[in-house]
Amino acid sequence: MPKYLNQIKALKKISKSIVTNNKFLINKEGNIKIYYAPFDYVNSKAKIMIVGITPGLQQMLQSFQVINDGKSLKEVKDLSSFKGSMRTTLIKYLDELKVNKKLKIKSCESLFNKNSKHLHTTSLVKYPVFDKGKNYSGSNILKKKILIEFIEKNFLKELKTFKKAIIIPLGNTVSSTIEYLNNKYNLKLACFLKGFPHPSGANARKNIQFKENKMTMIKLLK
């Protein structure tokens, strides 16, 4: 997407109204709009893939800033993935499942710095999606034609690339969408940790869900 990258590099300032301008609009249907953001980097040698629903506005603004500062697509991923308390919870869960042992690293915390070569972060829809101008939450994703078409055209390729990797879905929407693709396209994913909770602070049930599914996930990792 060099056209978009050059436009981002030329921006004088970065704000919501600028990044959600029609020149970055990729597709729309009803209240749903998909905008370009520079989340194109794929770390094809990764041993673990963490999948969200879609980048939100904060990640989008940060990604534009990174490119505007003259940094690379890889640096966008390194600097914009799962910031703050969400990352802390995510690391805690991954270490409890002993994913660090499987990857032969001390803690999964290092996936976000010195061992980032093992990690690929992505989303079902890799570009930001807005519903009536707000971050899209993932509701009824399989029933929204514009989104499922985007997923089957783009995300499916990533899933095929990483079918032998450890796949971590963040929350039930991502779990059920990956399961749908796995069954529909007979992907035979090797290690898909279905039932992994979304680590966001807004998810009040995350620790309960993690405990309920912990043993099943540990078995999958063996």
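Author: The secondary structure comes to 9 helices and 8 strands, where helices (H or I, at least four residues) and strands (E, at least two) are DSSP runs numbered from the N terminus. This is a predicted model, in which local features need pLDDT of at least 70 and side-chain atom pairs count only at pLDDT 80 or more, while totals for chains, interfaces and linings use all residues. Residues are numbered from 1 along each chain as its sequence is written, and side-chain values use heavy atoms, with hydrogens and water left out.

The largest pocket has a volume of about 570 Å³. A pocket here is an open set of points on a 1 Å grid over the protein atoms alone, places where a 1.4 Å probe fits, with protein on both sides within 12 Å along at least five of seven lines. Grid points are joined across faces, edges and corners, and the volume is the space filled by probe spheres set on the points.

The lining of the largest pocket consists of 26 residues, each having an atom within 4 Å of a point. Nearest the pocket centre lie Thr54, Pro55, Gly56, Gln59 and Met86. Three elements, α3 (57-68), α4 (73-80) and β4 (119-123), each supply at least two lining residues; the largest share, 4 residues, comes from α3. By type, the lining divides into 9 nonpolar, 14 polar and 3 charged residues. In this division Ala, Val, Leu, Ile, Met, Phe, Trp, Tyr, Cys and Pro count as nonpolar, Asp, Glu, Lys and Arg as charged, and the others, Gly among them, as polar.

Ser110 counts as buried because its relative accessibility is 6%, buried meaning under 20% relative accessible area with a 1.4 Å probe and protein chains only. Leaving aside neighbours within four places in sequence, Ser110 is in contact (heavy atoms within 4.5 Å) with Ile105, Asn115 and Ser116.

As for the whole protein, buried residues make up 51% of its 222 residues. The radius of gyration, taken over C-alpha atoms, is 17 Å, which agrees with the value near 17 Å for a compact globule of 222 residues; the globule rule is 2.2 Å times the number of residues to the power 0.38. The C-alpha trace spans about 50 × 40 × 35 Å along its principal axes. Among contacts between residues at least 6 apart in sequence, 71% join residues at least 24 apart.

Terms used
Buried < 20%, exposed > 50% of the residue type's maximum accessible area, 1.4 Å probe, protein only.
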